[in-house]
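Dear colleague,

I am passing on the structure we spoke about, with the sequence alongside it. Please look through it first, and then read my notes on what was found.

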Amino acid sequence: SAAVSCAGGCLGRFVDDPRRNRLRTLRTLLVCQNACVITCTVCCGALLVRTSPRRDDGASPVPLYALVALVHLAGAGAVVASGAASVALERDWVVVLAGSSGGDGDGAVRAWLRDTNVSMRQIDLGCKSLGPTVAGFVVAWGGGDRAS
């Protein structure tokens, strides 16, 4: 998305800053993500109340447009924070598995870190690709109207 493209470099530097504790960074990103989701939820609720079919009082549409814009901005913020949090978590997870910092380790450890990182990315992408497909098959097989 455009938000990830625009904010990716800035958040990458935020996540990789050596002066910053990675756990604190992850917590900050998760708090930001949850705040954006809560903001979206509140705005969607306000939109539902505001656009009720019984409510035709001729009020200005500006608050409606502001709520829609806020939903989009907060949603983009949640996506960006989620991506940055997953990057922060994935980078530390492989290092913890290796039991090494990965910075100045020997060649075997660095090769293992590289291979494990690639395998984890492949598993992640496979799950993201196959999960919705399998869920669709399960819903199609188990749901729907059946003539008895």
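For the helix pair described below, each axis is a line fitted to C-alpha atoms over the stretch in contact, and the angle between two axes runs from 0 to 180 degrees between N-to-C directions. Please keep in mind throughout that this is a predicted model.

With that in hand, helix H1, which covers residues 2–16, packs against helix H2, residues 22–50, at an angle of about 140°, and their axes lie 9 Å apart. Because angles over 145 degrees would count as roughly antiparallel, H1 and H2 are therefore described as oblique to each other. On the H1 side the contact is made by Leu 11, Phe 14, Val 15 and Asp 16, while H2 contributes Arg 22, Thr 25, Thr 28 and Leu 29. Sorted by class, the contact of H1 with H2 has 4 nonpolar, 2 polar and 2 charged residues.

As for the protein as a whole, the secondary structure comes to 4 helices and 0 strands, and the pattern along the sequence reads α-α-α-α. Of its 148 residues, 17% count as buried, and the protein exposes about 10700 Å², of which carbon and sulfur atoms supply 65%. Among contacts between residues at least 6 apart in sequence, 55% join residues at least 24 apart.

On confidence, the mean pLDDT of the protein is 81, with 83% of the residues reaching 70 or more. Where pLDDT is low, the predicted coordinates should not be read in detail.

Terms used. Residues are numbered from 1 along each chain as its sequence is written. This is a predicted model: local features need pLDDT of at least 70, side-chain atom pairs count only at pLDDT 80 or more; totals for chains, interfaces and linings use all residues. Side-chain values use heavy atoms; hydrogens and water are left out. Helices (H or I, at least four residues) and strands (E, at least two) are DSSP runs, numbered from the N terminus. Buried means under 20% relative accessible area, exposed over 50%, partly exposed in between (1.4 Å probe, protein chains only). Contact means heavy atoms within 4.5 Å. Accessible areas come from the Shrake-Rupley method with a 1.4 Å probe; for residues, only the protein chains shown count as cover. Angles under 35 degrees count as roughly parallel, over 145 as roughly antiparallel, 65 to 115 as roughly perpendicular and the rest as oblique. Ala, Val, Leu, Ile, Met, Phe, Trp, Tyr, Cys and Pro count as nonpolar, Asp, Glu, Lys and Arg as charged, and the others, Gly among them, as polar. pLDDT is the predictor's confidence in each residue, from 0 to 100.
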